[in-house]
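These are my notebook entries on a single structure. I record what I looked up, entry by entry.

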Amino acid sequence: MMRSRLFRILVILAGIMGADGVILAAASAHQPDAARLASASSMLLFHAAAVLAVVALAERGVIDARIGIAAASGFVVAAALFGGDLTLRQYAGHGLFPFAAPSGGTLLIISWLVLAVAAAWPRRS
């Protein structure tokens, strides 16, 4: 029961990430000075799809659900840090906090490694 609720929350967050990615892609395409938003857009769109894939794999028992939830949560937080920092730099002239984008990038790397562990971890029968 709790797992399905977490999966639902992750799917909702992935939908929000995807919508934000499309908005940033449109902004970068229609504003001449918004080129840095393209990388934020790509980061959000790619990792929104990754969150959906992790949820699908965890629901089907391909990966350990507990570790998969940790990886997907890391994708959400890290993409928010990275995308939010670049967006604020574009529109407000400052970032979220010092090293927000590098922290998000580091968390993305860690989350991908956690996903690899989830695939290798023995599942409960």
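Is L6 buried, partly exposed or exposed? I find a relative accessibility of 32% for L6, so it counts as partly exposed. I note that the model is predicted.

**Entry: the surface patch**

I placed L6 in helix α1. I then looked up its surroundings on the surface: M2, L6 and I9 form a nonpolar patch there. Together, these residues have about 270 Å² of accessible area.

**Entry: helix α2**

I took helix α2 as residues 36–59. Does its length agree with its number of residues, or disagree, and why? At 1.5 Å a residue, the 24 residues of α2 should span 34 Å. The C-alpha atoms at its ends are 36 Å apart, so I record agreement.

I listed the buried residues of α2 next; among them are L37, L44, H47, V51, V54 and A58. Which helices do the buried residues of α2 pack against? I found α1 (2–30), α3 (65–91) and α4 (100–120). Just after α2, I noted that G61 takes a positive phi of about 80°.

**Entry: H47**

I examined H47, which is found in helix α2. Its relative accessibility is 5%, and H47 therefore counts as buried, the cut-off being under 20%. Where does a polar atom of its side chain find the backbone oxygen of M43? I read a distance of 3.0 Å between the two atoms. Leaving aside residues up to four places away in sequence, H47 touches M17, F75, A79, L108 and W112.

**Entry: A72**

I looked up A72 in helix α3. At 0% relative accessibility, A72 counts as buried. Not counting residues up to four places away in sequence, A72 touches L10, V51 and V54. I note that V51 and V54 are themselves among the buried residues of α2. I also checked A72 against F7, which is 65 residues apart from it along the chain. The C-alpha atoms of A72 and F7 are separated by 9.4 Å.

**Entry: F99**

I turned to the loop between α3 and α4, where F99 has its place. F99 has a positive phi of about 65°, although it is not a glycine. Is F99 buried or exposed? Its relative accessible area is 61%, so I record F99 as exposed.

**Entry: salt bridges**

How many salt bridges does the structure hold? I recorded two.

One of them joins the side chains of D64 and R66, at 3.2 Å from N to O. I looked up the accessibility of each partner. D64 counts as buried at 6% relative accessibility, whereas R66 counts as partly exposed at 41%.

R89 forms a salt bridge with D85, and I read 2.8 Å between the closest N and O atoms. Both R89 and D85 lie in helix α3, four residues apart, which is about one turn of the helix. I repeated the accessibility check for this pair. R89 is partly exposed, with a relative accessible area of 37%; D85 counts as buried at 1% relative accessibility.

How values were computed: Residues are numbered from 1 along each chain as its sequence is written. This is a predicted model: local features need pLDDT of at least 70, side-chain atom pairs count only at pLDDT 80 or more; totals for chains, interfaces and linings use all residues. Side-chain values use heavy atoms; hydrogens and water are left out. Helices (H or I, at least four residues) and strands (E, at least two) are DSSP runs, numbered from the N terminus. Buried means under 20% relative accessible area, exposed over 50%, partly exposed in between (1.4 Å probe, protein chains only). A polar contact is a pair of N or O atoms within 3.5 Å; within protein, one must be able to donate a hydrogen and the other to accept it, and residues adjacent in sequence count only if both atoms are side-chain atoms. Contact means heavy atoms within 4.5 Å. The expected span of a helix is 1.5 Å times one less than its number of residues. Patches are made of residues with over 30% relative accessible area and no salt bridge: like charges are joined within 9 Å, nonpolar side chains (Val, Leu, Ile, Met, Phe, Trp, Tyr) within 5 Å. Accessible areas come from the Shrake-Rupley method with a 1.4 Å probe; for residues, only the protein chains shown count as cover. A salt bridge is a side-chain nitrogen of Lys or Arg within 4 Å of a carboxyl oxygen of Asp or Glu.
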